Amino acid sequence: MSFIEFIKQPWHWSVAGVIIGLIVPLLLILGNKSFGISGNLRHVCAACFPGNVSFFKYDWKKEIWNLVFAGGIIIGGFIAAYFLRDPNQVAVAPALATSLAEKGITDYSNMVPTQIFNWDNLLTLKGLFFFVVGGFMVGFGTRYAGGCTSGHAISGLANLQWPSLVATIAFMVGGFISANLIVPFLLNL
Amino acid sequence: MSTVKSPSRATIKKSDIQTDFEVKSLDKKDSSANESNSLASNFKYLMAGILFGIVLVKSEVISWFRIQEMFKLQSFHMYGVIGTAVVVGAISVFLIKKLKIKTIHGEPITFSDKEFRKGQIFGGLIFGLGWAITGACPGPLFAQLGTGVTVVSITILSAIAGTWVYGKYRDKLPL
């Protein structure tokens, strides 16, 4: 098996965990930067439409590094999808596959269910919830909480910040409620 | 008898309350923001982002299915990724503090403590509800877009709108 074939396989959680964990010291050592992606959503607001909102009046140019980092994530996603793609279907837990099949989700060719995440669904009720409402809650909630999975759950917990533990527990509680009670309902739309 | 009142909580303007610790240049102690903003100095962050993006895809963190499995307790995968990342990150932060490691530019590495705010609960719950629907938190949203799921651009734009609405009405929310 060649090296490229080897890394084309899905990576074990421990490999991903170690590399993601090392992003924390990497950004600190490269320039005293703290790992946190959702801040970029605020920087885009500050850069493009600050309005007359004091929350968006700051020198976003000092945070360009993070926007560049987010741009890198997009490029990384492209590289992984087009040059390191695993030709096999995405493996999921059998229990999930069973419950999704009942909702008509049967396509495992991509890591997002293409039967939901496509442009044809944009102007449907389903699209309204999965793209517009879901995205809005992610943007509103992360800023209200002061961080997302990277800012609170990873770099906050890595620095032993108990408010980040509170936030992480809230993320998980919200996720449990949503995945078990709300998403099954939305899939029926 | 003195009638001078101590400043009550109500006199503190909400716009002065710091709830967002992700914008390091707003932190007065921070000196790193003085670093030059040249293309060359930002290139290293581009490379770090590319690495992060590749990992997010190859380890299926961007998978909507993996997020459902996590919240339905059907797979250990996501707990393994996040748990390992926290442990590795914590050991790294401990060593940076202990050994007083500096940045590659020779500047001290600083950490700021986060204060507890109600928003961490309310906002955290709202984010969690959204996370299970989109199947992606902010980092994976960018990675999903990169993999060619272009409709995720709508999710990202909506997330930017959500952030804007939060900023606009922040003063009216319990912080």
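Two residues are in contact here if their C-beta atoms, placed from the backbone, lie within 7 Å. Keep that cut-off in mind as you click through this predicted model.

**Stop one: helix 4 of chain A.** Select residues 64–83 of chain A, which make up helix 4. This helix has 20 residues and reaches 28 Å from its first C-alpha to its last, close to the 28 Å expected at 1.5 Å a residue. Now show side chains for its buried residues, among them A:Trp65, A:Phe69, A:Ile73 and A:Ile74. Glycines are buried in helix 4 too, including A:Gly72, A:Gly76 and A:Gly77. What do the buried residues of helix 4 pack against? Within chain A, their partners are helix 2 and helix 3; from chain B, they are helix 1 (39–58) and helix 5 (138–146).

**Stop two: the contact between the chains.** Colour chains A and B separately. The contact takes 120 residues from chain A and 115 residues from chain B. Helix 2 (13–31) of chain A is the one to highlight next, with 19 residues, the largest share of chain A's side. By class, the side of chain A that touches chain B has 79 nonpolar, 34 polar and seven charged residues.

**Stop three: two domains in chain A.** Ten residues of domain 1 are in contact with ten residues of domain 2. On the domain 1 side, helix 2 and helix 3 of chain A each supply at least two residues, and helix 3 gives the largest share, three residues. Finish by colouring that side by class: five nonpolar, four polar and one charged.

Methods:
Residues are numbered from 1 along each chain as its sequence is written. Chains are lettered from A and ligands numbered from 1 in the order in which they are written. This is a predicted model: local features need pLDDT of at least 70, side-chain atom pairs count only at pLDDT 80 or more; totals for chains, interfaces and linings use all residues. Helices (H or I, at least four residues) and strands (E, at least two) are DSSP runs, numbered from the N terminus. Ala, Val, Leu, Ile, Met, Phe, Trp, Tyr, Cys and Pro count as nonpolar, Asp, Glu, Lys and Arg as charged, and the others, Gly among them, as polar. The expected span of a helix is 1.5 Å times one less than its number of residues. A residue is buried if 20 or more other C-beta atoms lie within 10 Å of its own, exposed if 12 or fewer, and partly exposed in between; C-beta atoms are placed from the backbone.
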